[in-house]
Amino acid sequence: MKVLAVLFAACAISLGLAQEESLSPKQRAMYAILDEVPVSARARTNPYQGSAREAAAGGKLYEQHCVECHGAKAAGTRYGPSLLRKEVRQTPPGSLFWILTNGVVRRGMPVWSKLPEPQRWQIVTFLQQINEGRQMQPTPPGQD
Amino acid sequence: MGLRKSGYSQRLACISTFCIVGFVLSACASLTAQESPYIVTYDHYLEEPGNLEVEYFSTFGTQRGGNDFHAFWLEFEYGTTAWWTTELYLDGQTTFSDSTIFTGFRVENRLRLLNREHFVNPVLYVEYEQTSGADKILKEVEGHDVESDFAEPNGVLRQEHDHELELKLLLSSTFKGWNVALNPIFTKNLSPSEPWEFAYALGASRPLALKASPDRCNFCRENFIAGVEMYGGLGDTQVLGLADTSHYLAPVVAWNLPSDWTVRLSTGFGLNDNSHRLLLRWGLSHEFSGFGELVRNLFGGRP
């Protein structure tokens, strides 16, 4: 029975990883922008790291400003990529903050510097929180 | 009879158009906007792609040597892309003890020039307007515009027709929650004999709180953005400078409601003898997300 459970878990993990790796060239280019973030911006630390209150506020802001393109579960839509993929999960908070601030204007993401800096960090905290929750488990098929 | 029938058809067409627009808008999702409080000045933030913002603005103005007025305009602002916003204005006004008239339309485009955020962010603004001399929305105060230009009755003012091209360079910077914006304005009446006119608008604003609270609330401080704007004419190519120009200083406030509405208020005070004493403005706007997609689907686009 234990062997079956281990085999099932292994299958689920490999399915999840396969799901994560299946990216179209357009999606790959979108995530590649994360690598273009300047080193100094990448090194910035999240002042609200781990704060449940700020993550909750970030969740509210996410619902107000980001849901439309990235989806209610942050799993992406036709207009914006999933924010639950490993590319985002493994990105330092400073990079997420930089992308939020500068947008990806030529690919359709507007700049969000109109939100004050603390609010942008609150959104980053929320994204980190939802991804930390997922780090324990593979991506369920069909989520991305 | 023919005329009556034509009038009836026009009314029917109008009602149908409103019904269709109403249906399309009701099918769109709403979202909470984070709108700036400025009414005259522009910052560098464009409409989110695919979203339509419908805005109504009113300006009550005092008038020496004539009747006070209430000018109003409707704005349809659409985010074509993340770097291009296009907008249509429909203007009208009521001059008290005179009449209510439609005064023209404007079409504007705002183009973001740089891909990333910089300390100062430039956006190019290009507008074509076809208005009558009775237009009193005072969205810009240009060249040698002065209060006495608006004192004539509507019947006289509407005889004048303006076809203008307006260019602005929207320079805006956001730092530590503050936004500072400066708009140099260059206007050319397309009649060859008319000179280029110059103007300016500048504004500064800041949300009352920089951090968001976790609760959904109407009166949270982060929902309010307060500021001040100043605008006026700078003469034209024939007489450049501050002579015979008017200028205004206006405290402004915006209230971004979680129910997807934004309310703006502005009290403009004339700064010299050529200016209206008071320009009291207010506006109401609502943002509809997914408008572009809905229209695309209606016309057979890929869902």
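## Chain B as a whole

In chain B, residues 24 or more positions apart account for 63% of the contacts with a separation of 6 or more. The model is a predicted one.

Three helices and 13 strands make up the secondary structure elements of chain B. Of its 303 residues, 40% count as buried.

Strand E5 (residues 100-112) of chain B pairs with E6(B) in the antiparallel sense, over nine bridges. Within this pairing, Arg106(B) stands opposite Glu129(B) of E6(B).

Strand E6 (residues 121-132) of chain B is in turn joined to strand E7 (residues 161-175) of chain B by 12 bridges, and these two strands run antiparallel. Two of the facing positions may be named: Pro122(B) is opposite Leu171(B) in E7(B), and Thr131(B) has Asp162(B) in E7(B) as its bridge partner.

## The hairpin of E7 and E8

E7(B) is also joined to strand E8 (residues 178-189) of chain B, by 10 bridges and again with the strands running antiparallel. Phe175(B) has Trp178(B), in E8(B), as its bridge partner. The hairpin formed by E7(B) and E8(B) has two residues between the strands, and Lys176(B) takes a positive phi near 50° there.

## Leu210 and its surroundings

Where in chain B does Leu210(B) lie? Its place is the loop between strand E9 (196-207) and strand E10 (224-236) of chain B. Leu210(B) counts as partly exposed because it has 15 C-beta neighbours inside 10 Å, whereas a buried residue would need 20 or more and an exposed one 12 or fewer.

Leu210(B) and Glu222(B) are separated by 12 residues in sequence, yet their C-alpha atoms are 6.2 Å apart in space. When residues up to four places away in sequence are left out, Leu210(B) touches Pro116(A), Glu117(A), Pro118(A) and Gln119(A), as well as Gly177(B).

## Helix H4 of chain A

Helix H4 (residues 52-65) of chain A consists of 14 residues. From its first C-alpha to its last it reaches 20 Å, close to the 20 Å expected at 1.5 Å a residue.

The buried residues of H4(A) include Glu54(A), Ala55(A), Ala57(A), Gly58(A) and Lys60(A). Leu61(A), Tyr62(A), Gln64(A) and His65(A) are buried as well. In an α-helix there are 3.6 residues a turn, so residues three or four places apart point the same way.

Conventions: Residues are numbered from 1 along each chain as its sequence is written. Chains are lettered from A and ligands numbered from 1 in the order in which they are written. This is a predicted model: local features need pLDDT of at least 70, side-chain atom pairs count only at pLDDT 80 or more; totals for chains, interfaces and linings use all residues. Helices (H or I, at least four residues) and strands (E, at least two) are DSSP runs, numbered from the N terminus. Two residues are in contact if their C-beta atoms, placed from the backbone, lie within 7 Å. The expected span of a helix is 1.5 Å times one less than its number of residues. Two strands pair if DSSP finds at least two bridges between them.
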